[in-house]
Amino acid sequence: MNTVFMHCRPGFEGEVCSEIAEHAARLNVSGYAKAKPSAACAEFVCTEAGGAERLMQRLMQRLRFAELIFPRQWARGSFVELPETDRISVILEHMADFPVCGSLWLEVVDTNDGKELSNFCKKFEGHLRKALLKAGKLVENADDKPRLLLTFKSGREVFLGLAESNNSAMWPMGIPRLKFPREAPSRSTLKLEDAWHHFIPRDQWDDRLHSDMTGVDLGAAPGGWTWQLVNRGMLVIAIDNGPMAESLMDTGLVQHLMADGFTFKPKQPVDWMVCDIVEKPARNAAMLEEWIGEGHCREAVVNLKLPMKQRYAEVRRLLDRIADGFKARGIQVEIGCKQLYHDREEVTCHLRRLDVKKPKSR
Ligand SMILES: C[S@@+](CC[C@H](N)C(=O)[O-])C[C@H]1O[C@@H](n2cnc3c(N)ncnc32)[C@H](O)[C@@H]1O
């Protein structure tokens with residue numbers, strides 16, 4: 001039980017290592033991070049003799065999963081080698097010291113090899129579940145108990161781990177199964193929906209995303225993100241020199257302005273600003289700080305593209321700069337940042353001003 005295993009987007013293993021190593025150092029957890037390039041996973045191995053489990057617990061308790069930027073999923077545990085037959089007995093043997101678990105997820109890493117193992121997992125899951133229930137190691141749907149997470153690297157090797165269901169990914173492998181809405185003008189519509197699932201608790205959607213609200217979409221064309229705002233009934237100002245989908249304009253809820261997203265400001269404050277402009281991340285981050293800081297919007301989702309090498313260091317630097325900016329202004333803002341499943345070489349930031357009341361109804 002001495003390793004934290006994390007899933008990530010293939011190619012971002014180094015970012016996961018830098019991020020977890022920084023947190024571990026801050027929390028005084030000794031160990032080292034390691035990953036293979038393009039493996040879609042990374043590990044943090046605790047090195048303190050005897051104290052590994054206690055340290056793991058502390059790492060898990062002090063660090064909320066939702067605050068991590070690059071890991072999609074995590075679990076504490078260890079790798080187990082499996083025989084070709086009767087894998088279940090070996091898994092049960094290794095679970096001698098495990099607590100009773102409240103749910104079971106079988107996962108694979110997000111690579112082609114991983115995908116090939118999915119069918120095996122589907123077949124294996126029923127048998128394993130039955131055996132765990134019989135052995136008293138699993139009870140169904142008990143959220144107060146840890147989740148048992150098995151990540152198969154192959155049919156012969158599995159990471160056997162635990163994570164609290166309220167402090168780990170909301171979906172197996174951290175991948176939300178979102179259905180592309182056929183009426184939306186572009187696939188990137190799913191990025192904004194993914195962001196809402198991640199940053200806004202589902203039971204708050206009706207209060208924070210509703211038809212009395214207004215929004216601005218910077219870099220809106222053809223309108224995938226605008227579609228999400230309109231789908232919640234909002235009036236939207238869409239800023240882009242490119243054309244917006246006619247179907248969206250026909251809703252009567254969208255005003256399309258051909259203007260520069262970096263200079264446009266709304267005459268009245270709006271509830272939401274979203275921005276998907278492909279630009280230097282420092283420029284998008286500065287714009288985000290200005291919109292929230294000057295009170296042009298109360299809540300925002302902005303994509304930061306990451307074409308550089310030191311991607312974790314760059315994101316950290318920008319987030320710190322944004323936080324310092326709000327401190328200097330003396331305003332309270334909730335800041336979140338995640339590489340979502342639908343993000344590519346980018347991360348999504350979510351900001352929410354906490355010290356202003358809802359400004360107006362439209
Ligand atoms: C990735 S696309 C946006 C896709 C959109 N979010 C969707 O879901 O359909 C980026 C858009 O930003 C626009 N853009 C680039 N620079 C801009 C600027 N300075 N001001 C406004 N729009 C800009 C481009 O014309 C392009 O349509």
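**Entry 1. A strand pair**

I began with strand E9 (residues 235-239), which pairs with E10 in the parallel sense over four bridges. Within this pair I found Val236 opposite Val254 in E10. Strands here are DSSP runs (E, at least two residues) and helices are DSSP runs (H or I, at least four), numbered from the N terminus. Two strands count as paired if DSSP finds at least two bridges between them.

I noted that this is a predicted model, in which local features need pLDDT of at least 70 and side-chain atom pairs count only at pLDDT 80 or more, while totals for chains, interfaces and linings use all residues. Residues are numbered from 1 along each chain as its sequence is written, and side-chain values use heavy atoms, with hydrogens and water left out.

**Entry 2. The sheet around E9 and E10**

I traced an open sheet of seven strands in the order E10-E9-E8-E11-E12-E14-E13, with mixed pairing. Strand E10 (254-257) and E13 are at the edges with a single partner strand each, so one side of each has no neighbour in the sheet. Neighbouring strands are turned by 15° against each other on average, direction ignored. Axes are lines fitted to C-alpha atoms, for helices over the stretch in contact, and angles run from 0 to 180 degrees between N-to-C directions.

**Entry 3. The other sheet**

I then followed the order E2-E3-E1-E4-E7-E6-E5, which is an open sheet of seven strands with mixed pairing. Its edge strands are E2 (31-34) and E5 (103-108), each pairing on one side only. The twist averages 30° from one strand to the next.

Strand E1 (residues 3-7) and strand E4 (residues 73-81) run antiparallel and are joined by five bridges. His7 stands opposite Gln73 in E4. I also looked up helix H1 (residues 13-26), which lies across E1, E2 and strand E3 (41-46) and runs at about 25° to E3. Helix H4 (residues 112-134) packs on the sheet and touches E5 and strand E6 (147-154), with its direction at about 160° to that of E5. Contact means heavy atoms within 4.5 Å.

**Entry 4**

E2 and E3 pair in the antiparallel sense over four bridges, and Tyr32 stands opposite Val45 in E3. Their hairpin has six residues between the strands, and Ser38 there takes a positive phi near 60°. Ala40, in the loop between E2 and E3, has a positive phi of about 65° although it is not a glycine. Most residues other than glycine have a negative phi, and most peptide bonds are trans.

Which peptide bond is cis? I found the one from Ala221 to Pro222, with omega near 0°. Pro222 is in the loop between strand E8 (214-218) and helix H7 (224-231).

**Entry 5. Domains and pocket**

The chain is divided into domain 1 (3-174) and domain 2 (189-353), with bounds from an automatic or database domain assignment. Their centres, taken over C-alpha atoms, are separated by 32 Å. The contact takes 18 residues from domain 1 and 17 residues from domain 2.

Where does the largest pocket lie? Both domains give residues to its lining, so the pocket lies between them. H1, helix H5 (189-199), helix H10 (311-329), strand E13 (333-338) and strand E14 (346-353) each supply at least two residues of that lining.
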